[in-house]
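Keep the model in view as you go.

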Amino acid sequence: MIIDVHAHWGPWFFTMDVSTLTIRAMDRYGIDLAIVSGTEAVIYDAPAGNRALAAHLDSAPGSARLYGYVTVNPRRLAEAERDLNAYLPTGRFVGVKIHTEYTGSPVASPRMRDALALVASAGVPALVHTWGASVLDLAQVCLDTPGLRVIAGHMGADGYRHAIEAARACDRLYLEPCWSHFPSGRIAEVAAAVDPERLLFGTDSTLIDPASAFGSVAAAGLTGDAADLLAWRNAAALFNLPIG
């Protein structure tokens, strides 16, 4: 069983025909379930992209293997609250996606704190884009926000050693490893230093070919419970997914 907690649905803003790639990529790499955000929601317009993703999840072939993130723009929280109220009760959306850079909302900013407080009140996890030392800011916001559960997307990328510190500081912060670069030993170092129940698997598909994440995880040499926790068990528990 493999659950990808960092995937996307829909075309990107550069020449790349990926709008129907999600299920094909999952089949190629043996990914059973994926949690996706709408590319339009992340890049351009959160309400429009959330609406398009909801329609896709409702009827598209293969969509039973997909769950959605409600994308939240911290600069437009009234719209975010409406979308959370509209889509979370359907059961097809199981979390929130927030991209700090596209929205111009640093993790430590007041608007981001307000957005994550809204997520906490909704009772679902948030996947937050982190880079460098911003993962430490995410840990602090999580500590300051009762009930909040967050996933450090890319686990800080080149700041993965900061991610180790962050995960040790906050037991409601999870690490997801996808990145366009995979330095040798990065995942093995993190896995050896943090609680294995805090590790998740993500690919950044369809922006990045899943081969990158699969290769880096394989190189870490995880086995037994540690491998299963990262591959699917932690995600199933965090998102309360019906695994039969």
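**Reading the sheet**

Q: Which strands does helix 6 lie across?
A: Helix 6 (residues 134–144) lies across strand 5, strand 6 and strand 7, and runs at about 175° to strand 6. Contact means heavy atoms within 4.5 Å. Axes are lines fitted to C-alpha atoms, for helices over the stretch in contact, and angles run from 0 to 180 degrees between N-to-C directions. Helices (H or I, at least four residues) and strands (E, at least two) are DSSP runs, numbered from the N terminus. This is a predicted model: local features need pLDDT of at least 70, side-chain atom pairs count only at pLDDT 80 or more, and totals for chains, interfaces and linings use all residues. Residues are numbered from 1 along each chain as its sequence is written, and side-chain values use heavy atoms, without hydrogens and water.

Q: In what order do the seven strands of the sheet come?
A: Two strands pair if DSSP finds at least two bridges between them. Here the open sheet has the order 1-2-3-4-5-6-7, with parallel pairing. Strand 1 (3–9) and strand 7 are the edges, each pairing on one side only.

Q: What is the bridge partner of Ala152 in strand 7?
A: Leu175. Three bridges join strand 6 to strand 7 (residues 173–175). Toward strand 5 (residues 126–129) there are four, and Ala152 is the partner of Val128.

Q: Are the residues on both faces of strand 6 buried or exposed?
A: In a regular strand the side chains alternate between the two faces of the sheet. In strand 6 (residues 150–153), Val150 and Ala152 on one side and Ile151 and Gly153 on the other are all buried. Buried means under 20% relative accessible area, exposed over 50%, partly exposed in between (1.4 Å probe, protein chains only).

Note on methods:
Right-handed = clockwise from strand over helix to strand, strands pointing away.
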